[in-house]
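Look over the chains before reading on.

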Amino acid sequence: MTRLAELRKKFAEQPWELWTRQVAAILRMDLRKNFLSRRGIWIYLLAFAPFVVITLHAIFDRAGASSIHTDTEVLAGIFQFFYLRFGIFFGCLGIFTWLFRGEVIEKSLHYYFLAPVKREVLLLGKFAGGVVTSVTLFGLGVFASFAMMYGHFGPAGQYYVFNGPGMGQLGAYLGVTVLACIGYGAVFLMLSLLLKNPIIPALLVLGWETFTPVLPSLVQRFSVTYYLKQLCPVSIPADGLMALFTVVSEPVSIAAAILGPIVLAAFVLALACKLVRRLEISYVAE
Amino acid sequence: MSAIENRIILENVSKFYGEVLGVNRVNLSIPPGVTGLVGPNGSGKTTLMNLITGLIRPTQGRISVLGISPDKPEELFRRVGYCAQFDSFPKGVTGFSFVYNTLRLHGLDDRESTRLTFESLERVSMTEAANRKVAGYSKGMRQRIRLAQAICHHPTVLILDEPLNGLDPMARAESLELFQALGKQGLHVIISSHILHEVDKMSDQVILVSSGYIVAEGQIHAVRTEVKEHPMQILVRCSDPNLLASRVFAQDHVVEAKLNDDGKGVLVRTRDADAFYLLLNELVVKDNIAMDTVAPADDDVNSVYQYLIGAENKTI
């Protein structure tokens with residue numbers, strides 16, 4: 001039997017159905033915690049702050065001083081500078097570092113560890129819960145901001161969305177949001193398993209994501225934003241230093257830009273699986 | 001079934017928390033039945049239980065639970081239930097959902113999970129409080145709901161860390177009965193407790209732990225016999241205590257023979273219990289002394305604990 005056939009056989013023999021049920025059970029418990037916890041209110045604020053600002057803009061711009069073209073660029077700026085580099089980044093930091101660290105601080109991790117769940121399945125279940133939470137919050141935030149931005153233009157806005165490039169742009173923004181949550185989420189989950197206080201390394205990641213554009217293109221490929229900004233549907237006119245954050249010097253294909261964060265996340269999650277295998281319950285030390 | 005598949009085995013297991021000793025060079029082979037784990041606070045009982053269940057990993061040594069390594073929780077917890085001492089619960093859970101969610105994590109469907117949840121809640125008398133939030137439970141109720149979670153999947157190994165803490169006398173009696181019944185069914189039931197007379201009552205064997213070391217293990221009578229430096233105390237009630245006292249006092253192995261205050265018995269301290277029992281047989285025949293009762297007076301966990309670990313560590 002060839003090695004490939006052996007692998008395929010081994011793959012088929014795994015208890016996928018059981019793992020799916022266990023992931024579903026973890027998801028059910030974690031989603032409730034993620035969405036309803038009081039300590040997550042700031043993440044709601046992060047996700048919907050642009051919507052509030054755009055709503056105020058819509059209210060005070062009844063005279064029609066702005067144009068669809070200008071507001072499209074403003075929305076692109078909000079997405080790239082606020083959501084991608086700040087909101088989703090810190091939102092994912094809050095959500096994903098809390099998945100395991102929060103259980104340790106609340107002394108409830110043993111509840112999961114005392115069940116017959118493969119640690120890797122537990123990690124993936126919790127990661128899936130984090131992705132669903134972050135994508136829902138930030139996806140809704142982006143959608144609401146988009147709807148408000150074009151809604152206040154009335155029929156012209158509707159035409160832009162349904163007969164112009166609007167719908168495609170919305171799809172791209174939502175797609176990038178999903179990829180950002182997956183990419184950042186995996187990194188922060190891994191960091192939370194590696195270190196007791198993941199804030200300082202998270203700030204280092206933020207620095208890395210911000211300043212990789214000035215590094216060689218090969219190094220840039222280890223950055224989540226390197227791929228994501230190529231997928232943003234509207235380019236922002238930027239001069240001087242700002243161009244560093246928006247211009248991609250050596251772009252990759254669309255497919256590579258989509259696969260990049262996914263491959264990065266898979267690699268980081270594989271490392272996280274190794275860490276969670278060795279994780280011990282030591283509440284006293286927390 | 002091979003011995004390894006029917007025993008909990010620890011081979012040369014040590015656990016250090018940095019430079020602090022948890023347990024050191026532990027060798028155990030625990031058979032089915034009720035095993036009492038006894039020792040003062042900080043002696044390493046919880047560390048041992050956490051090692052057996054894989055919540056912590058040994059610094060060195062090897063552990064096998066019915067042939068399964070604790071490194072494989074996906075296999076281990078199909079057969080093991082652990083009622084840990086952690087008095088914390090996932091936020092917002094009710095008694096029902098606490099047990100039910102555990103069963104869903106086992107991969108069971110809604111119907112089977114619901115059925116097993118109610119079954120285990122009933123076993124610990126928690127059905128009525130099932131829909132209340134655990135945060136509002138009393139200490140005893142929290143203890144019982146943890147026990148329900150530990151037994152809900154019908155484990156073959158049940159590990160209980162101080163399971164009687166916070167229980168009222170009625171619930172204590174019910175729990176003791178439950179543990180003994182589970183032990184008689186051939187389960188491994190490992191119970192740590194500070195309440196020595198309760199350990200004595202329910203355990204088939206005991207493990208005495210002190211400062212991270214196993215001081216003694218086995219059936220309590222066998223352990224007591226091994227404690228040579230403390231003479232065995234035997235209380236004899238008979239027709240002529242004075243004569244008995246004078247006869248036994250002449251023996252080399254008898255350290256002390258004290259008449260009871262009521263004048264109807266003699267408390268004998270001997271270094272050789274077997275020789276003493278033989279002597280009693282002779283006295284019955286030769287001196288025609290009628291024996292009412294002959295009972296070891298310090299053949300229990302409490303006495304063994306006192307002798308081996310010492311009164312200063314007693315934390316009842």
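This is a predicted model: local features need pLDDT of at least 70, side-chain atom pairs count only at pLDDT 80 or more; totals for chains, interfaces and linings use all residues.

Residues are numbered from 1 along each chain as its sequence is written, while chains are lettered from A and ligands numbered from 1 in the order in which they are written.

Q: What pLDDT does chain B average?
A: pLDDT is the predictor's confidence in each residue, from 0 to 100. In chain B, 97% of the residues score at least 70. The chain B average is 88.

Q: Are H6(A) and H8(A) roughly parallel or roughly antiparallel?
A: Helices are DSSP runs of H or I with at least four residues, numbered from the N terminus. The axes of H6 (residues 119-151) and H8 (residues 166-194) of chain A come within 9 Å and cross at roughly 150°; axes are lines fitted to C-alpha atoms over the stretch in contact, with angles from 0 to 180 degrees between N-to-C directions. Angles under 35 degrees count as roughly parallel, over 145 as roughly antiparallel, 65 to 115 as roughly perpendicular and the rest as oblique. H6(A) and H8(A) are therefore roughly antiparallel.

Q: How many nonpolar residues has the contact of H6(A) with H8(A)?
A: The contact includes Phe138(A) of H6(A) and Leu174(A) of H8(A); contact means C-beta atoms, placed from the backbone, within 7 Å. Ala, Val, Leu, Ile, Met, Phe, Trp, Tyr, Cys and Pro count as nonpolar, Asp, Glu, Lys and Arg as charged, and the others, Gly among them, as polar. Six residues are polar and none is charged; the nonpolar count is 16.

Q: Which helix gives the most to the side of chain A that touches chain B?
A: 21 residues of chain A are in contact with 22 residues of chain B. H2 (16-36) and H5 (109-113) of chain A each supply at least two residues of that side of chain A. The most, six residues, come from H2(A).

Q: Is Asn288(B) buried or exposed?
A: Asn288(B) has a positive phi of about 55° although it is not a glycine. A residue is buried if 20 or more other C-beta atoms, placed from the backbone, lie within 10 Å of its own, exposed if 12 or fewer, and partly exposed in between. Asn288(B) has 10 such atoms within 10 Å, so Asn288(B) is exposed.

Q: Where is Arg25(B) found?
A: Arg25(B) also is not a glycine, yet has a positive phi of about 45°. Strands are DSSP runs of E with at least two residues. Arg25(B) is found in chain B, in strand S2 (residues 20-30).

Technical notes: Two residues are in contact if their C-beta atoms, placed from the backbone, lie within 7 Å.
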